[in-house]
Amino acid sequence: MKSDFRARNHPAYWAFLVHRVSGVMLSLFIPLHFWALGQALHGEARLESFLRWSDQPLVKFAETALVLLLAAHLTGGLRLLALEFLAWRDWHKSLLALAAGVALAAGLAFLLNVV
Amino acid sequence: MWTAQRISAAVLAVCVIVHLVTVIYAVRNGLSAAEILGRTRGSLGWAAFYALFVLAVTVHAPIGLRNFLSETFSWRGSGLNIAVMAIALTLAMWGFRAVYAVFI
Amino acid sequence: MAVSPTLKVSVWRGTESGRFQSFEVPRLESQTVLDVITYIQRTLDPMLAYRFACRVGMCGSCAMTVNGRARWTCRTHVDKVAEDGRIEIAPLNNLPVVRDLVTDMSGFFDKWAKARGQFRGATTRKDDFARVPPASPARRLADAAIECIGCGVCYSSCDVVAWRPDYLGPAALNRAWTLLNDVRDTDNRARLAAVAGDAGCHACHTHMSCTERCPKQISPTASIAGLKRAAALAALRGELSDD
């Protein structure tokens with residue numbers, strides 16, 4: 001028999017979930033990002049028209065979400081590297097809160113600068 | 001593969017922090033193609049940086065996806081490996097194309 | 001809110017396919033979940049199959065899934081888990097169900113053996129005792145994880161065990177870690193090779209469900225992190241046929 005969400009309802013599991021979901025979403029986004037930048041091959045005008053399209057609020061909102069996902073994946077990943085490579089310490093438990101805080105700060109910085 | 005994932009993660013940690021700081025700085029006061037390309041075209045130092053970035057991504061993302069796919073869909077064996085390699089190659093192709101487009 | 005004098009208990013009946021059967025059990029003071037199951041089997045349905053032994057929190061035989069979480073039923077007070085007077089009792093997860101609340105733990109112990117979780121020494125009874133300072137770093141690491149009694153709660157709580165049938169699991173890997181830190185053991189090169197790799201320590205995603213649930217407050221996650229470091233180091237030194 002398999003366990004359900006009741007067995008998983010604790011912080012370290014949520015950290016894993018955020019890390020996995022953000023990783024998958026980033027994997028979907030990054031090819032698009034590469035493609036969009038590759039548009040510059042067709043000349044500046046192409047890139048410029050794409051950038052103007054991306055000026056819409058909805059796109060800006062999505063971009064902020066992406067920055068958040070990237071920051072969350074980064075901080076979560078650094079937390080994992082610390083847990084795996086540094087000898088186990090008690091303060092490691094606080095790493096999760098620290099990671100979440102830094103990720104949110106990065107997302108906020110982007111949002112405030114882009115609007 | 002686990003070690004490759006951790007090493008590429010460490011490389012990406014540096015690359016991503018640099019990238020995020022650059023992006024946040026660059027989007028101030030709006031963004032235009034002319035501004036971006038004016039700064040990036042011909043900049044070989046940055047080209048090298050982003051080439052390394054792309055390389056690290058093509059190692060890190062497919063390995064992570066492989067875990068996700070095998071654990072969520074119980075996908076195993078050569079079918080999975082081929083799919084993951086295909087993703088890696090696509091990322092490499094589009095990634096290096098983008099680096100060329102923006103920096104050269 | 002007044003406490004109801006009875007409990008509504010849902011108990012798993014059958015094998016992998018089965019259903020939850022409801023019982024009403026008188027609620028008593030200082031009652032444990034094991035008391036509840038025992039009452040059901042003795043008074044309401046003698047066909048209920050379950051395991052227990054010491055009933056005082058020493059042997060780990062009574063481990064079951066209570067309200068979705070793996071625990072020792074003899075050490076779980078009803079007051080702690082009965083939300084609105086209801087309890088759901090199921091067999092341990094990630095193990096084949098023999099019947100009702102009894103699981104087949106042979107796979108769990110097979111993985112223990114696969115991880116080379118047995119001590120292998122080089123001395124005989126004719127040799128003098130080994131002298132291991134308890135405060136030495138290696139012994140401290142081993143002692144932090146040594147109290148495992150193989151109850152299966154961590155294994156049952158681990159999602160990676162559910163997602164990867166060949167994953168050795170937290171208990172087996174934890175035991176391998178204690179032996180890795182045992183200065184008397186001579187099998188560590190083979191042991192490290194056995195626990196490194198896709199089915200071994202590298203599959204752990206640090207969910208820490210094992211650490212959350214372990215009734216002996218062991219952190220298999222910490223032990224597995226130690227194994228990851230040891231395996232990576234050995235691989236870099238070429239001491240491992242690693243992936």
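# Reading a predicted model, chain by chain

Modeller: Chain C has 10 helices and seven strands. Keep in mind that this is a predicted model.

Colleague: What does chain C span along its principal axes?

Modeller: The C-alpha trace of chain C spans about 65 × 40 × 35 Å. Chain C has 243 residues, and 45% of them count as buried.

Colleague: Now helix pairs. At roughly what angle do the axes of H7(C) and H8(C) cross?

Modeller: Start with the axes, then the angle. Helix H7 of chain C covers residues 170-180, and helix H8 of chain C covers residues 188-195. Their axes come within 10 Å and cross at roughly 155°. An angle over 145 degrees counts as roughly antiparallel. H7(C) and H8(C) are therefore roughly antiparallel to each other. The crossing of H7(C) past H8(C) is left-handed.

Colleague: Which residues in H7(C) and H8(C) meet?

Modeller: From H7(C) come C:Leu173, C:Ala176, C:Leu179 and C:Leu180. They meet C:Asn188, C:Arg191, C:Leu192 and C:Val195 of H8(C). By class, this contact has six nonpolar residues, one polar and one charged.

Colleague: H7(C) also pairs with H10(C). Is that pair parallel or oblique?

Modeller: Helix H10 of chain C runs over residues 220-236. The axes of H7(C) and H10(C) come within 8 Å and cross at roughly 60°. That makes H7(C) oblique to H10(C). This crossing is left-handed. On the H7(C) side, the contact includes C:Leu173, C:Ala176, C:Trp177 and C:Leu180. On the H10(C) side, it includes C:Ile224, C:Leu227 and C:Ala230. The contact of H7(C) with H10(C) has 10 nonpolar, three polar and no charged residues.

Colleague: Let's turn to cores. Which residues touch the most other members of the largest nonpolar core?

Modeller: Look for the members with the most partners. The largest nonpolar core holds 74 residues, and C:Ile89, C:Leu173 and C:Val195 touch the most other members. Another core, of 32 residues, lies apart from the largest one. Among its residues are A:Ala106, B:Ala9, B:Leu91 and B:Val99.

Colleague: What is C:Ile89 in contact with, beyond its neighbours within four places in sequence?

Modeller: Its contacts include C:Val9, C:Val11, C:Trp12, C:Val33, C:Ile37, C:Met64 and C:Leu101.

Colleague: Now a loop residue. Is C:Arg51 buried or partly exposed?

Modeller: C:Arg51 lies in the loop between helix H1 (33-44) and strand S3 (63-66) of chain C. Being buried takes 20 or more other C-beta atoms within 10 Å. C:Arg51 has 19, so it is partly exposed. Leaving out residues up to four places away in sequence, C:Arg51 touches C:Ser61, C:Cys62 and C:Val102.

Colleague: Last, an interface. How many residues do chain A and chain B bring to their contact?

Modeller: Count each side, then ask which elements supply it. Chain A brings 27 residues and chain B brings 27 residues. On chain A, helices H1, H2, H3 and H4 each supply at least two residues of that side. H1(A) gives the most, with 10 residues. The chain A side divides into 19 nonpolar, five polar and three charged residues.

Conventions. Residues numbered from 1 in each chain as written. Chains lettered and ligands numbered in written order. Predicted model: local features only at pLDDT ≥ 70, side-chain atom pairs only at ≥ 80, totals over all residues. Contact = placed C-beta atoms within 7 Å. Helix = DSSP H or I, 4+ residues; strand = E, 2+ residues; numbered from the N terminus. Nonpolar A, V, L, I, M, F, W, Y, C, P; charged D, E, K, R; others polar. Axes fitted to C-alpha atoms, helices over the stretch in contact; angles between N-to-C directions. Parallel < 35°, antiparallel > 145°, perpendicular 65-115°, else oblique. Left-handed = near helix turned anticlockwise from the far one by under 90°. Core = buried A, V, L, I, M, F, W, Y, C linked by C-beta atoms within 7 Å. Buried ≥ 20, exposed ≤ 12 C-beta atoms within 10 Å, placed from the backbone.
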